[in-house]
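Visitor: I would like to learn how to read a few features of a protein model. Could you take me through them one at a time, with the general idea before the case?

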Amino acid sequence: MKSDCTQADPTAANNQPKRPRKTSLLTSTPQSLVLAASVVKRACIDSFKWDSFSAGAQLYSASGACHNSPMILKAPVGKVEKVDVPKGFETKLNGKCCKFKDHKINSSGSYICTTMPPATEPTTDEPTTECLFVPGTKDIFLRNTPGFPQPLPAPPTSPAFRIQEIPGKGLGVVAARPLKQGDLLLTERPLLMMPLAIPVTRPRTFTPAQAMQHSPNESERYAEIVVGRMEKGRREAFYRLHNSHTEDGSGPIDGRIRTNGIGLRGLQPGVAGAIGMYTAVCDVVARLNHSCSPNTQPKFNRTMFAFEVYAVREVAEGEELTFQYFDALVPAEERAEMCTPYAFKCSCAACTEPTRESDARRAEIASFMPSVSAWSTNPALADDWLVDRCLEQLEMLEREGLQYSEQYYMATQTIMESYICLGDAERASQWAARVKPLVWSEHYRPVDDFLDPKSPAYAGHVLWRARIDDCHGGLSSNCRLGETRMVAT
Ligand SMILES: C[S@@+](CC[C@H](N)C(=O)[O-])C[C@H]1O[C@@H](n2cnc3c(N)ncnc32)[C@H](O)[C@@H]1O
């Protein structure tokens, strides 16, 4: 590193978010991610804080990053005037391509280019992903992902979707046959995967405008190496993707990544928050347009190194398939703002005719946190209190078309657990059947053992009759809140 270079300013991450919101019901959502997401978003909206902490974070909004599910990341950056960076700091193409071999990008080895699944595995005709990884990421797959790499499933004989023009939206994906909740529509290995944020150093002498242009230049430089390693057909597919960032200083590759990338967290060892995320670009998944009441949800399958896309409710043949690019639980006005960098207005029902009721419902949905442990040990609450609250939550979720969200899974699964607490295996098994298709949830656990009310799994469940035996009629000494009962909080 040159001595006249300034490291990006990490203090930006210490700012408090304006409106800390909990968009997940689950305590497993890292708060740091929520914080970082808010900070990044504000940094972007405050029209290009040029001293932001890293190239990617500066460029990409992670406004949806507090979601547990993958999301398309967007960059609400206004137009960046093109300026030339001073001589000696122009972006240069590295040009080195080492096909199917790990390739250190720089001498310190802080990034490697690699192909996933690795070519050392038995070769197949399966598509591969060109990746830019930080040290440790590849190990997550090679050492800590049992069964990796699992082959992709054979394509279905009758495809569940087709790609076609959608008036006013460019290309889109429509259902080729009727779909049920939980149907798997597509399994797809990404074309590329790279860090969402790449730290950038820049000379103190840069003007803010030059610094702004330097970041996309640097992102493009890294992305060029990754795309340069792709198979010809995959590279051509990448360049066919839509680019909504042609006027903001992004390069042609980076612009496509920003338009089509899906955020993935948890793959950069020791790095939490939005800057610890990867972005992955697929060929078909990238054709899914946005809706604030979407009917599909992608999920990344580590064993296959592929995205799986599920229907989150019944879909009619010919209906457009969509997913949410950002947090759909925020008010319509905020959602409209989040669409801006993509240069479209959302035409879903909740956005076309925004109502205060819809905004209020979405806010209420976001703030509800079902807690089996709190209810089951609280005699002041009626036996049906939690089930009733979850039923209200499900009704609101269905009305707003938000079945994709973790809130939907949590409410459904909480009802099943409430009946287990009440020792009602009949009803619990009915709700297990409702939980079973919700496979897109990040917190999904198989419920097959509970589909039969006579299953021995009930008696062996840690919550079985918890409300009756331990706590009914008063907080008894048997009520060991904080031990095994802390579930679904
Ligand atoms: C990830 S791409 C989706 C596929 C894209 N329509 C295409 O032709 O490849 C994102 C871009 O699609 C368009 N788009 C996505 N959702 C839309 C919507 N609800 N209404 C209009 N355009 C949309 C915007 O141009 C956006 O930048």
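Visitor: Which residue takes a positive phi in the hairpin of E14 and E15?

Guide: In this predicted model, the residue with a positive phi, near 50°, is Phe305, in a hairpin that has 4 residues between its strands. Strand E14 (residues 296-301) runs antiparallel to E15, and 6 bridges join them; within this pairing, Asn301 has Ala306 in E15 as its bridge partner.

Visitor: How many bridges pair E15 with strand E8?

Guide: Strand E8 (residues 184-188) pairs with E15 over 4 bridges, again in the antiparallel sense, and here Thr187 stands opposite Glu308.

Visitor: Which residues of E15 point one way and which the other?

Guide: The general idea is that side chains in a regular strand alternate between the two faces of the sheet. In E15, Ala306, Glu308 and Tyr310 point one way, while Phe307, Val309 and Ala311 point the other way, and all are buried. Strand E15 (residues 306-311) is accordingly described as mostly covered, with 6 of its 6 residues buried.

Visitor: What should I make of helix H4, and how many of its residues are buried?

Guide: Helix H4 (residues 208-228) has 21 residues and reaches 30 Å from its first C-alpha to its last, close to the 30 Å expected at 1.5 Å a residue. Because 16 of the 21 residues of H4 are buried, the helix is largely enclosed by the rest of the structure.

Visitor: How many aromatic pairs does a search of the whole structure find?

Guide: The search finds 13 aromatic pairs. In one of them, the rings of Tyr111 and Tyr222 have centres 5.5 Å apart and planes at 65°, so the pair is edge-to-face. This pair links distant parts of the chain, since Tyr111 lies in the loop between strand E3 (103-104) and strand E4 (112-116), whereas Tyr222 lies in helix H4, 111 residues apart. Both Tyr111 and Tyr222 are buried, and the charged end of Arg221 sits over the ring of Tyr222, 5.0 Å from its centre. Phe305 and Phe307 also belong to an aromatic cluster, whose members include Phe133, Tyr278 and Phe300.

Technical notes: Residues numbered from 1 in each chain as written. Predicted model: local features only at pLDDT ≥ 70, side-chain atom pairs only at ≥ 80, totals over all residues. Heavy atoms only, no water. Buried < 20%, exposed > 50% of the residue type's maximum accessible area, 1.4 Å probe, protein only. Helix = DSSP H or I, 4+ residues; strand = E, 2+ residues; numbered from the N terminus. Pairing = 2+ DSSP bridges. Expected span 1.5 Å × (residues − 1). Phe/Tyr/Trp six-rings, centres within 6.5 Å; stacked < 30°, edge-to-face > 60°. Lys NZ or Arg CZ within 6 Å of the ring centre and 35° of its normal.
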